[in-house]
Amino acid sequence: DEIEVRPGLVSRDSKGNVKCTPIKTRILSLYTEKNDLQYAVPGGLIGVGTKIDPTLTRGDRLVGQVLGQAGTLPEIFTEIEINFFLLRRLLGVKVEGDGKQGKVQKLAKGEMVMVNIGSTSTGGKVNAVKNDMAKIQLTSPCCTTVGEKIALSRRVDKHWRLIGWGSIRRGATMGGEGK
């Protein structure tokens with residue numbers, strides 16, 4: 001089959017605008033453990049042999065990218081609007097005294113957070129917050145769908161700590177605004 005990897009190669013032009021070039025290729029082989037497969041179904045780990053140049057895959061560069069049949073993959077988002085829930089307390093943090101530093105503070109405009117969407121892990125800048133809704137500008141584009149679950153983390157004492165979770169309501173895609 002003809003397949004596509006999105007967002008693919010991410011680059012910036014001279015003006016600083018992000019450009020994504022999906023990687024298109026053909027499947028040569030499918031393997032699981034020591035079994036050669038004729039077709040793949042969801043679940044488990046499957047090795048996909050392709051004609052992709054190995055230099056594109058070194059150093060886990062394609063981690064978090066989405067593979068599927070050409071033309072069937074979801075949009076590439078650069079900004080997401082989310083519905084979120086924050087934890088009451090930080091996990092795995094020793095608290096001394098009155099326990100103020102153990103509480104999760106509200107999201108602040110301009111704050112940098114880490115957003116996990118599926119297997120993708122990317123940074124994001126909080127552009128707006130209202131009640132349980134937030135608008136986050138992603139540092140690198142992400143191939144995902146509206147309704148996808150996400151995890152939010154904040155930098156606490158030089159470590160990323162889980163502070164909440166949510167789901168994507170809408171966003172700005174590479175092709176244009178809003179979905």
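This is a predicted model: local features need pLDDT of at least 70, side-chain atom pairs count only at pLDDT 80 or more; totals for chains, interfaces and linings use all residues.
Let's start with the barrel. Six strands close it, in the order β6-β9-β8-β7-β10-β11. The pairing is antiparallel. How far are neighbouring strands of this sheet turned against each other? On average by 45°, with direction ignored.

Now stay with β7. In the barrel order, β7 sits between β8 and β10. Take the β8 side. Six bridges join β7 to β8, and the two run antiparallel. They also form a hairpin, with two residues between the strands. Gly-118 is in that turn, and Gly-118 has a positive phi of about 60°.

Next, the β10 side. Here β7 pairs with β10 over four bridges, again in the antiparallel sense. Which residue of β10 is the bridge partner of Met-114? That is Ser-153.

On one side, Ile-117 has Thr-120 of β8 as its bridge partner. On the other, Ile-117 is bridged to Ile-150 in β10.

Let's follow Thr-120. This residue lies in β8, which covers residues 120-130. Buried or exposed? Thr-120 is at 11% relative accessibility, and buried means under 20%, so Thr-120 counts as buried. What does its side chain reach? The backbone oxygen of Gly-64, at 2.6 Å. Leave out residues up to four places away in sequence, and Thr-120 touches Gly-64, Val-115 and Cys-142. So keep Val-115 in mind for the next part.

On to the core. The largest nonpolar core has 21 residues. Which of them touch the most other members? Ile-80, Ile-82, Val-115, Ile-136 and Leu-152. At least two residues come from each of β6 (76-86), β7 (112-117), β9 (133-143), β10 (149-156) and β11 (159-173).

Where is it? In the loop between β6 and β7. Is Glu-111 buried or exposed? The relative accessibility is 15%, and the cut-off for buried is under 20%, so Glu-111 counts as buried. Its side chain has polar partners. One is the side chain of Arg-154, in a polar contact at 2.5 Å. Another is the backbone nitrogen of Ala-108, which lies 3.0 Å from a polar atom of the Glu-111 side chain. Beyond four places in sequence, Glu-111 touches Lys-106, Gly-124, Lys-125, Val-126 and Arg-154.

Next, some backbone geometry. Glu-33 has a phi of about 50°. Asp-60 has a phi of about 55°. Where do they lie? Glu-33 is in the loop between β2 (18-32) and β3 (35-36). Asp-60 is in the loop between α1 (54-57) and β5 (66-69). How open are they to the surface? Glu-33 has a relative accessible area of 78%, so Glu-33 is exposed. Asp-60 also counts as exposed, because its relative accessibility is 61%.

There is a cis peptide bond too. Which residues does it join? Arg-6 and Pro-7, with omega at about 0°. Pro-7 is placed in strand β1, residues 2-12.

Last stop, helix α1. Thr-55 is found there. At 40% relative accessibility, Thr-55 counts as partly exposed. How far is Thr-55 from Pro-141? Their C-alpha atoms are separated by 21 Å, and the two residues are 86 apart along the chain.

To recap. We have a closed barrel of six strands with antiparallel pairing. Thr-120 is buried, with its side chain reaching Gly-64. Glu-111 is buried as well, with its side chain in polar contact with Arg-154.

Technical notes
Residues are numbered from 1 along each chain as its sequence is written. Side-chain values use heavy atoms; hydrogens and water are left out. A nonpolar core is a set of buried Ala, Val, Leu, Ile, Met, Phe, Trp, Tyr and Cys residues joined through side-chain atoms within 4.5 Å. Buried means under 20% relative accessible area, exposed over 50%, partly exposed in between (1.4 Å probe, protein chains only). A polar contact is a pair of N or O atoms within 3.5 Å; within protein, one must be able to donate a hydrogen and the other to accept it, and residues adjacent in sequence count only if both atoms are side-chain atoms. Contact means heavy atoms within 4.5 Å. Two strands pair if DSSP finds at least two bridges between them. Axes are lines fitted to C-alpha atoms, for helices over the stretch in contact, and angles run from 0 to 180 degrees between N-to-C directions.
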